[in-house]
Amino acid sequence: MLVSFAKSNVQKVVLLLILIGLICFGALPGYLSGGQWRWKAPPQITVLDQLKSLKKDGVEIPGWQTIEKKFMPIGDRKWMVQNLQNSSQTKATVLFLPQARSIDQPQVEWVDLDGAQGLKTDSHRQIQIGSITVEFLRAWTPRQTYAVMRWYAWEDGGHPAPFWWFVRDRMLQWQNRRAAWIAVNVSLPIEPLDDIEPHRNTLESLVQTVQSTLTTQVLRSNS
């Protein structure tokens with residue numbers, strides 16, 4: 001127990017040092033070159049138009065047919081919901097919440113999303129899929145159970161924890177760039193309280209396709 005507690009504290013200290021270093025060194029080049037601390041006036045997001053289009057119209061997912069598009073209001077924000085089906089009649093749902101303004105940061109999207117749908121969750125674990133890390137979990141209501149993967153997508157990666165978006169965004173500010181983000185939640189309906197592991201391959205394939213589509217069509221600047 002003492003070993004576990006000490007290990008947890010060491011991890012927290014390491015993360016804190018990384019955060020302090022990123023804040024200091026991410027701001028320093030902007031200060032030296034422009035006379036102002038960059039964190040006070042960070043670069044603008046260059047793909048806001050693409051993000052707005054995604055929020056309004058969704059995106060076509062190769063290999064999947066969109067059978068319904070709708071909005072899910074949560075507080076003062078709206079998620080884009082796309083219900084999908086592939087050639088083998090497998091159904092899935094993808095929810096997108098794109099960054100709306102350059103100053104917006106990812107925060108508590110998963111808590112808000114689960115609360116709005118009345119979801120209970122368990123079996124949480126993080127897995128690596130190509131260049132991104134996703135959270136793999138089971139979610140359910142009294143009527144339906146889902147296998148879920150979720151993450152914050154940015155152009156060259158993704159992670160379910162907002163901290164790692166912050167790290168990437170600070171690194172890009174060295175180059176006078178920003179990491180635009182999209183909260184993504186992909187779910188498959190499964191049998192009541194079924195094991196999610198047998199559905200992992202299907203979800204991973206869809207997640208890879210979604211990330212690739214967002215990278216090429218939404219998150220990558222044309223300039």
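Trainee: How far apart should the ends of helix H4 (residues 162–173) be?

Mentor: Take 1.5 Å a residue: the 12 residues of H4 should span 16 Å. The end C-alpha atoms are 17 Å apart, which agrees. Keep in mind that this is a predicted model.

Trainee: Which residues of H4 are buried?

Mentor: First the general idea. An α-helix has 3.6 residues a turn, so residues three or four places apart point the same way. Now the case here. Trp165, Phe166, Val167, Asp169, Arg170, Leu172 and Gln173 are buried in H4.

Trainee: Let us turn to strands. How is strand S8 (residues 182–190) paired?

Mentor: Strand S3 (residues 91–98) pairs with S8 in the antiparallel sense, over six bridges. Strand S6 (residues 145–154) also pairs with S8 in the antiparallel sense, over nine bridges.

Trainee: Is S8 mostly covered or mostly uncovered?

Mentor: In a regular strand the side chains alternate between the two faces of the sheet. S8 is mostly covered, with eight of its nine residues buried. Take Val184. Leaving out residues up to four places away in sequence, Val184 touches Val94, Leu95, Phe96, Trp110, Met149, Arg150, Trp151, Ala153, Val210 and Leu214.

Trainee: Which residues of the largest nonpolar core touch the most other members?

Mentor: That core has 36 residues, and those touching the most other members are Leu51, Phe96, Trp151, Ile182, Val184, Val210 and Leu214. Among the elements that give two or more residues to this core are helix H2 (48–57), S3, S6, S8 and helix H5 (200–219). H5 supplies the largest share, seven residues. Another core lies apart from this one; it has 16 residues, including Leu95, Leu97, Trp165 and Ala179.

Trainee: How do H2 and H5 cross?

Mentor: Two packed helices are described by the angle between their axes and the distance between the axes. Here the axes of H2 and H5 come within 9 Å and cross at roughly 125°. The two helices are therefore oblique to each other. Gln50, Leu51 and Leu54 in H2 meet Leu214, Gln217, Val218 and Leu219 in H5.

Trainee: One last residue. Does His159 count as buried or exposed?

Mentor: The cut-off for buried is under 20% relative accessible area. At 12% relative accessibility, His159 counts as buried. His159 lies in strand S7 (residues 157–159).

Trainee: What is His159 in contact with?

Mentor: Set aside neighbours within four places in sequence. His159 is then in contact with Gln126, Thr133, Trp151, Tyr152, Trp154 and Trp164. His159 and Val134 are 25 residues apart in sequence, yet 5.7 Å apart in space, C-alpha to C-alpha.

Key: Residues are numbered from 1 along each chain as its sequence is written. This is a predicted model: local features need pLDDT of at least 70, side-chain atom pairs count only at pLDDT 80 or more; totals for chains, interfaces and linings use all residues. Side-chain values use heavy atoms; hydrogens and water are left out. Buried means under 20% relative accessible area, exposed over 50%, partly exposed in between (1.4 Å probe, protein chains only). Helices (H or I, at least four residues) and strands (E, at least two) are DSSP runs, numbered from the N terminus. Two strands pair if DSSP finds at least two bridges between them. A nonpolar core is a set of buried Ala, Val, Leu, Ile, Met, Phe, Trp, Tyr and Cys residues joined through side-chain atoms within 4.5 Å. Contact means heavy atoms within 4.5 Å. The expected span of a helix is 1.5 Å times one less than its number of residues. Axes are lines fitted to C-alpha atoms, for helices over the stretch in contact, and angles run from 0 to 180 degrees between N-to-C directions. Angles under 35 degrees count as roughly parallel, over 145 as roughly antiparallel, 65 to 115 as roughly perpendicular and the rest as oblique.
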